[in-house]
Amino acid sequence: MSHNQSAAQGAVKAFHPRVQEAINNPQIRANFRKAMDGLMDKRLAAFPQDDELQQLRDLAAAIRLRALSKLPELLERLEANLTANGVKVHWAENGDQACQIILDICQQKNAKSVIKGKSMVSEEMELNHYLEKHNIEALESDLGEYIVQLAEETPSHIIMPAIHKNTDQISDLMHDKTGTKRSRDVEYLTAEARQQLRERFEKADIGVSGVNFAVAETGTLCLVENEGNGRLTTTVPPVHIAVTGIEKVVENLEDVTPLLSLLTRSATGQHITTYFNMISSPRKEGELDGPEEVHLVLVDSGRSNIYQDDELLDTLRCIRCGACMNHCPVYTRIGGHAYGYTYPGPIGKILMPHLAGLDDAKDLPSASSLCGACGEVCPVRIPIPKLLVRLREEAVAGDSQHNDSGVKGRGSKRSTSESLIWKSWAGMHKSGGLYRAGTGAATVFRALMPNKIGAWTKCRTAPKLAASTLHQQVKARGKNGGES
Amino acid sequence: MSARDAILNRLRNRRDGELTAPVSDFSVVEAKQWSVSDRVDLFQQKIESVHAEVHRVSQTDWLDKLKALVQAKGLNNLLVPQKAQVGVDIRQQWSDDLPELLSYGQPIEGWKAELFSGVDGAVTDVRSAIAETGSLVLWPDNDQPRLMSLVPPVHFAIVDADQLKNTFHEVIRSEGWVNQGMPTNALLISGPSKTADIEQTLAYGVHGPKELIVLIRQ
Amino acid sequence: MSSIKLYPPKPEKVYFFGTCLVDMFYPDAGMAGIQLLEREGIEVIFPQDQTCCGQPAYTSGFHDQAREVAAAQLTLFPQDYPVVLPSGSCAGMMREHYPELFTGQPEEALAKNVANRVYELTEFLMHVCHIRLEDKGEPVKVAMHTSCSARREMGLGDVGPALLGQLDNVELVEQARIKECCGFGGAFSVRHPEISEAMVTDKVEAIDATGADSMITSDCGCMMNITGAAEHMKKDFKGEHIASFLWRRCHES
């Protein structure tokens with residue numbers, strides 16, 4: 001996909017070892033368990049009336065589907081309105097192109113330092129590394145992102161980037177990297193970070209932010225945040241560059257109201273965030289602050305490919321609240337880094353295979369028990385479990401009806417041995433006679449799991465085959481079912 | 001082909017064909033209506049729940065309250081609008097023994113360092129306010145620029161009770177935002193700046209104001 | 001996921017689909033299910049040609065093979081009787097996924113027809129049979145684990161506890177994080193054994209902490225997983241399928 005592909009591939013090869021490492025790390029287990037339990041409780045408390053929640057989800061899903069149903073028109077309308085407002089709009093096929101566009105603007109402005117508000121798309125395209133390679137400093141200003149950057153890590157959660165660290169770890173990190181005193185006082189640590197970052201805001205040449213919703217009707221970029229770093233990023237430096245995926249567009253201004261309500265409540269249980277920042281133009285004549293230039297970079301990176309398929313399309317409804325990961329029993333156990341990709345958790349499992357290719361991300365769709373907790377809380381009703389099953393099918397090219405799906409890396413996980421197992425399984429199970437003949441199922445079960453039973457019995461006793469099958473017991477009674 | 005055209009072409013020539021838009025039923029949003037007095041109560045409850053300080057005042061005593069708060073908080077100065085009525089009123093009735101009044105009288109480039117480190121508090125009015133979420137609605141302008149409600153550590157917002165609307169949706173609709181055209185920047189502010197990025201522990205004032213003080217004039 | 005279902009009056013006959021796990025490992029649960037239905041005055045038909053709903057291949061991505069096996073099952077229910085399964089997971093496969101699996105296939109109409117009359121056993125006992133249970137057993141403390149499929153796909157989170165609530169001498173205790181998955185997930189448990197182990201270990205600890213004598217569940221996959229891990233961890237509680245448990249409680253002397 002981009003210059004970071006090799007890094008991602010490296011990560012995926014190490015999926016199981018990474019998982020093992022995370023699971024064996026009591027600190028990671030404890031930090032995530034505590035955080036996820038808290039977030040689940042907060043979300044529950046934020047939706048006291050279930051019928052309101054369900055109606056809001058219906059509405060939000062409809063709004064996102066409406067936007068997707070008109071996506072090319074809305075993108076053009078967004079571009080036309082932003083341009084009329086004085087915002088420059090750029091289009092990028094992939095992360096590399098987007099990085100290049102941003103670098104070009106930086107170089108034109110002779111910029112040396114970029115301050116960043118939180119943006120997952122910029123993480124996706126590894127913008128910080130790209131700018132630093134070209135001798136432009138990129139500094140994260142969201143406190144969580146700042147911590148992660150100090151630690152030379154990547155976010156482990158899309159909403160709370162430093163959720164994998166506890167206070168002691170952050171205190172040590174800030175002490176080592178910035179010279180603050182070691183302290184368990186979060187107020188103190190936060191105040192120190194404020195001071196460190198304020199100086200940088202004053203001096204930054206360019207601010208880079210993400211976008212939560214881009215409103216086509218008015219040409220407005222909406223940002224949701226609590227800290228105020230997003231407002232500073234988009235107001236203080238003389239140039240603001242917003243970067244976003246092409247799917248973030250909504251049709252009308254009023255469409256953002258239910259989406260905003262669901263986003264903040266689903267994410268952290270807040271009825272609203274501290275700031276909802278709507279930007280429609282650069283500084284106008286007579287205005288005393290705000291950037292002189294505003295740019296929007298629209299990034300595709302595989303999204304238009306997802307768009308081709310009626311079922312996979314639902315992936316693009318996502319509003320990035322993170323509720324799916326907060327409620328995921330797998331994410332809770334392994335944390336965000338073990339996935340090895342920008343977007344962890346259930347949304348990552350259905351999005352990354354498209355962005356990186358299934359050949360690269362082949363372990364992601366199977367790393368789910370399909371428990372459905374993600375789909376149950378998704379504010380825009382993305383059927384995540386269904387999409388996981390679809391991607392499992394794509395990975396092994398297991399449905400001849402989807403041979404022209406165009407999913408990158410389709411069939412890359414198909415192995416002759418597993419195909420053979422399922423073919424013989426099907427042969428045995430489509431005939432009642434054959435099934436019963438070898439006490440059918442038991443034989444097949446053993447054949448199917450020859451090397452896998454070890455994985456099962458490592459932490460469980462082996463299941464014991466019954467002395468006679470239900471088929472045999474029913475037949476022995478001689479009532480209905482005695483004859484087939 | 002440009003990236004733009006290539007992307008739009010792929011979206012237009014969608015393999016599974018044209019999509020139809022489902023109906024969006026906003027009734028769940030529109031159903032949220034409260035009486036005028038309930039709106040004030042709800043607004044106060046919501047914005048206090050996110051750490052804002054609320055004082056109910058009258059049209060005649062609000063300035064006394066403001067003066068008392070500014071003194072009680074030990075502020076050395078206060079950034080006040082020049083043209084907005086709240087600013088005019090404050091300037092008219094201020095006295096020399098009170099903290100110095102400042103003006104956002106020039107582009108930010110001319111006094112960035114001073115604004116960032118030398119201003120203790122700021123006063124703004126609001127365009128409207130939202131009961132459902134306890135939010136202030138601001139459209140910053142030449143008189144009350146964007147950084148006024150963001151950079152100083154204490155933000156005083158003066159709200160008239162009759163400015164309270166039920167929901168954000170109602171604000172957009174009833175004020176005709178789309179038809180009149182959006183300003184450079186429109187804002188909802190709900191509480192002081194905060195973060196929970198260190199082990200989900202709330203801390204205030206991480207980047208913006210540490211205190212948000214709302215005077216509701218009834 | 002599932003829309004609100006209107007339940008029909010109690011029929012004279014039903015088909016019983018035992019599921020492959022019950023067939024191989026827990027036939028007693030199947031027999032108990034059949035007997036509970038018969039106790040309600042229903043004639044139970046067990047098609048001998050039944051094998052598996054196809055879910056293992058389906059969730060592994062081998063949809064062509066899942067479809068072949070599922071198509072064979074579709075032919076087993078020619079009369080318009082309900083199809084009852086002692087498993088939320090397999091019932092979910094038939095009710096929720098068969099229609100999609102056969103979209104555009106010759107079996108599409110048949111798949112929809114069968115899907116519309118599929119019921120999970122406890123759902124059927126409670127909402128169609130309106131079963132009344134009389135407890136004849138000694139006092140006992142149990143915890144209930146409802147499978148994720150039963151809870152989320154089939155919307156049956158309240159059914160198991162409600163049935164257990166009819167038993168006077170049964171104290172139902174609630175384990176921490178009761179809605180969380182036990183980590184079975186079919187092939188997931190062997191494809192990602194580290195994660196599955198972490199999940200089932202937590203689940204066993206949570207159930208054990210309640211002091212329950214047994215763990216009751218309506219899905220044999222969860223039961224195999226949880227009781228297998230509990231035995232390995234040398235915990236005292238036993239596992240039992242809800243059908244076996246209900247039948248036993250009503251017939252103990």
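Reader: Which helix gives the most to the lining of the largest cavity?
Author: That is α13(A), which contributes four residues to the lining. Please bear in mind that this is a predicted model.

Reader: Which other elements supply at least two residues of that lining?
Author: Besides α13 (256-268) of chain A, they are α4 (50-69) of chain A and, from chain B, α2 (27-30) and α7 (168-174).

Reader: What is the volume of the largest cavity?
Author: Its volume is about 180 Å³. Of the 18 residues that line the largest cavity, Thr257(A), Pro258(A), Ser261(A), Val29(B) and Glu132(B) are the closest to its centre.

Reader: And how does the lining divide by class?
Author: Nine of the lining residues are nonpolar, six are polar and three are charged.

Reader: How many cavities of 30 Å³ or more are there?
Author: The structure holds nine of that size.

Reader: Turning to helix α4 of chain B, which residues are buried?
Author: In this helix, residues 62-72, the buried ones are Trp62(B), Leu63(B), Leu66(B), Lys67(B), Leu69(B) and Val70(B).

Reader: Why are they on the same side of α4(B)?
Author: Because they cover an arc of only 165 degrees around the axis, they lie on the same side of α4(B).

Reader: What do they pack against?
Author: Within chain B, the buried residues of α4(B) pack against the strands β1 (53-57), β2 (77-79), β4 (121-125), β7 (154-160) and β12 (211-217), and against helix α5 (85-93).

How values were computed:
Residues are numbered from 1 along each chain as its sequence is written. Chains are lettered from A and ligands numbered from 1 in the order in which they are written. This is a predicted model: local features need pLDDT of at least 70, side-chain atom pairs count only at pLDDT 80 or more; totals for chains, interfaces and linings use all residues. Side-chain values use heavy atoms; hydrogens and water are left out. On a 1 Å grid over the protein atoms alone, a cavity is a set of points where a 1.4 Å probe fits but cannot get out, and a pocket is an open set with protein on both sides within 12 Å along at least five of seven lines; lining residues have an atom within 4 Å of a point. Grid points are joined across faces, edges and corners, and a volume is the space filled by probe spheres set on the points. Ala, Val, Leu, Ile, Met, Phe, Trp, Tyr, Cys and Pro count as nonpolar, Asp, Glu, Lys and Arg as charged, and the others, Gly among them, as polar. Buried means under 20% relative accessible area, exposed over 50%, partly exposed in between (1.4 Å probe, protein chains only). The arc is that of the directions from the helix axis to the C-beta atoms. Contact means heavy atoms within 4.5 Å.
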